[in-house]
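This briefing concerns a protein chain and an RNA strand. Please have the sequence and the model open while reading.

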Amino acid sequence: MLQLQAIRDKKDEITLALKKRNFEGESLLTNILELDENRRNTQTKLDTTLAESNKLSKQIGLLFKTGKADQAKELKEKTVALKEASKILAQKLADTAEELKALLYQIPNVPHNSVASGTSEEDNEEIFKEGEIPVLSSKAMPHWELAKKFDIIDFELGVKIAGAGFPVFKGKGARLQRALIAYFLDKNTEAGYTEMQVPHLVNEASGFGTGQLPDKEGQMYHVGEDDLYLIPTAEVPVTNLFRDNLLSEKELPICYTAYTPCFRREAGSYGAHVRGLNRLHQFDKVEIVRVEHPENSYNALNSMVEHIKNILRELKLPYRILRLCGGDLGFTAALTYDFEVFSTGQDRWLEISSVSNFETYQANRLKLRYKDENGKSQLAHTLNGSALALPRVLAAILENYQTEDGIRIPDVLVPYCGFDHISL
RNA sequence: GGAGAAAUGGCAGAGUGGUCGAAUGCGGCAGUCUUGAAAACUGUUGAGGGUCACACCUCCGGGGGUUCGAAUCCCUCUUUCUCCGCCA
């Protein structure tokens with residue numbers, strides 16, 4: 001959520017920047033400022049009432065002690081009216097604050113300067129491209145056919161025990177997946193990220209902390225009986241580790257990596273473009289999360305991008321990087337780079353990583369702060385990215401590495417797999 | 001699942017109705033001493049709101065109540081610990 005102070009200071013600037021998302025914030029922001037004014041006025045009134053009441057209470061105490069019960073009784077009566085008044089004011093304050101918060105939740109993050117306006121993914125800018133797109137034989141197949149041919153992923157079996165979008169990985173397919181997870185975690189650890197294992201279910205407060213709630217309520221699986229949510233990404237539990245934290249400046253930056261399965265309802269998705277591994281209800285992902293000093297967060301974002309580039313180079317997969325336009329930018333992000341690999345069997349680009357800087361937007365909800373050199377509390381910046389999402393990387397490997405009689409395993413993965421090809 | 005105990009600042013831990021935003025210790029920060037460091041000593045050190053700055057207000061696990069006044073009493077929820085049961 002945006003900081004009130006920022007809205008007070010530069011409302012016009014924010015309004016303008018939000019237009020890049022096609023978000024008309026003018027009236028909402030005006031509304032917020034009015035409510036804020038309102039809130040502060042009520043607060044002041046309540047404070048003076050309480051101050052008066054506190055003062056009288058002290059006097060009453062003294063009077064009782066000195067045996068002047070009559071006078072105390074007189075003062076007591078005075079406090080009754082104050083009590084009434086403070087009760088009403090406190091209620092009004094709470095209502096106003098809640099209303100204010102509800103409005104603040106509706107405003108997405110302010111896009112970074114470099115973000116272009118745009119309405120859909122069509123308007124994303126390609127900023128980098130690297131790697132050879134392999135030329136395959138005419139018999140080349142999409143990964144779902146390869147998976148069937150070599151019996152490494154069984155989609156029907158998953159339907160039987162859970163439903164569509166819950167594949168079962170078999171034999172070398174399962175092993176390859178595990179190899180990728182281990183390889184990603186090792187790469188991330190090498191790059192200075194601390195490996196974490198976190199719960200796969202989170203409470204409501206965590207959902208709010210990173211912004212999945214209330215915005216994307218319908219996209220998460222909810223366990224009603226215990227009021228817990230299945231995580232849609234490791235970002236949620238890992239970032240929420242820092243909820244309500246006041247760090248010291250020298251603890252920054254904090255770099256974590258975590259492997260988790262991710263659960264997404266994907267309500268409303270259908271059609272050929274979600275075939276095979278392209279879009280799933282449950283998939284594996286290795287995530288990197290950073291908590292950064294505001295001055296360093298864009299350097300950090302760049303280094304995350306470089307890190308992911310390195311991994312894709314090692315895997316020898318052709319990829320490109322897009323800078324998301326305003327219209328495609330996630331609700332909480334200020335700047336996002338998407339990585340896409342080219343999946344030759346389908347002849348299309350697949351998103352395999354999304355790297356974002358949230359600046360203070362998440363930190364403000366999380367109350368994640370650090371103490372600066374003057375001892376003042378400041379909101380930290382949070383960032384995260386996939387390094388990497390498994391299914392589409394797997395899809396791209398299967399498709400790009402297919403040969404006449406099998407599938408080669410990328411060199412870097414051979415030690416993790418224990419085999420160098422998949423064949424009949 | 002049953003029985004009992006507990007939850008206080010970064011941590012440990014006192015405080016059982018007013019003088020308590022809270023003793024003390026550790027840790028942190030600044031300084032003295034030292035070639036430097038350690039030790040020792042001195043000072044300082046919770047968060048949020050509000051204000052130009054003060055004043056002032058709120059916060060002792062969450063919520064509610066009693067009272068002129070609550071960290072302290074009552075209700076409730078959550079969590080933790082101990083014992084018993086069950087169990088990967």
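The points below cover the overall architecture, the nonpolar cores and the surface near the RNA.

The model is predicted: local features need pLDDT of at least 70, side-chain atom pairs count only at pLDDT 80 or more, and totals for chains, interfaces and linings use all residues. Residues are numbered from 1 along each chain as its sequence is written, chains are lettered from A and ligands numbered from 1 in the order in which they are written, and side-chain values use heavy atoms, with hydrogens and water left out.

**Overall architecture**

- Chain A contains 13 helices and 19 strands; helices (H or I, at least four residues) and strands (E, at least two) are DSSP runs, numbered from the N terminus.
- Along the principal axes, the C-alpha atoms of chain A fill a box of roughly 100 × 45 × 40 Å.
- Of the 424 residues in chain A, 49% are buried, meaning under 20% relative accessible area with a 1.4 Å probe, protein chains only.
- Among contacts (heavy atoms within 4.5 Å) in chain A with a separation of 6 or more, 74% join residues 24 or more positions apart.

**Nonpolar cores**

- A nonpolar core is a set of buried Ala, Val, Leu, Ile, Met, Phe, Trp, Tyr and Cys residues joined through side-chain atoms within 4.5 Å.
- The largest such core has 61 residues, and Phe184, Leu312, Leu317, Phe339 and Val393 have the most contacts inside it.
- Helix 10 (residues 297-315) gives this core its largest share, eight residues.
- Beyond its neighbours within four places in sequence, Val393 is in contact with Leu180, Phe184, Leu315, Leu317, Ile352 and Leu388.
- A second, separate core has 20 residues, including Ile7, Ala17, Leu28 and Leu100.

**Surface near RNA strand B**

- There are 20 residues around RNA strand B, and Asp47, Asn54, Ser57, Lys371 and Ser377 come nearest; a residue is near the strand if one of its heavy atoms lies within 4 Å of it.
- By class, this surface has nine charged (Asp, Glu, Lys and Arg), five nonpolar (Ala, Val, Leu, Ile, Met, Phe, Trp, Tyr, Cys and Pro) and six polar residues (the others, Gly among them).
- Sugar or phosphate accounts for 79% of the RNA strand B atoms within 4 Å of the protein, and bases for the rest.
- A polar backbone atom of Ser57 is 2.8 Å from a base nitrogen of RNA strand B.
- Helix 3 (26-65), helix 4 (69-105) and strand 14 (369-371) each give two or more residues to this surface, with the largest share, 11 residues, coming from helix 3.

Key: A polar contact is a pair of N or O atoms within 3.5 Å; within protein, one must be able to donate a hydrogen and the other to accept it, and residues adjacent in sequence count only if both atoms are side-chain atoms. Buried means under 20% relative accessible area, exposed over 50%, partly exposed in between (1.4 Å probe, protein chains only).
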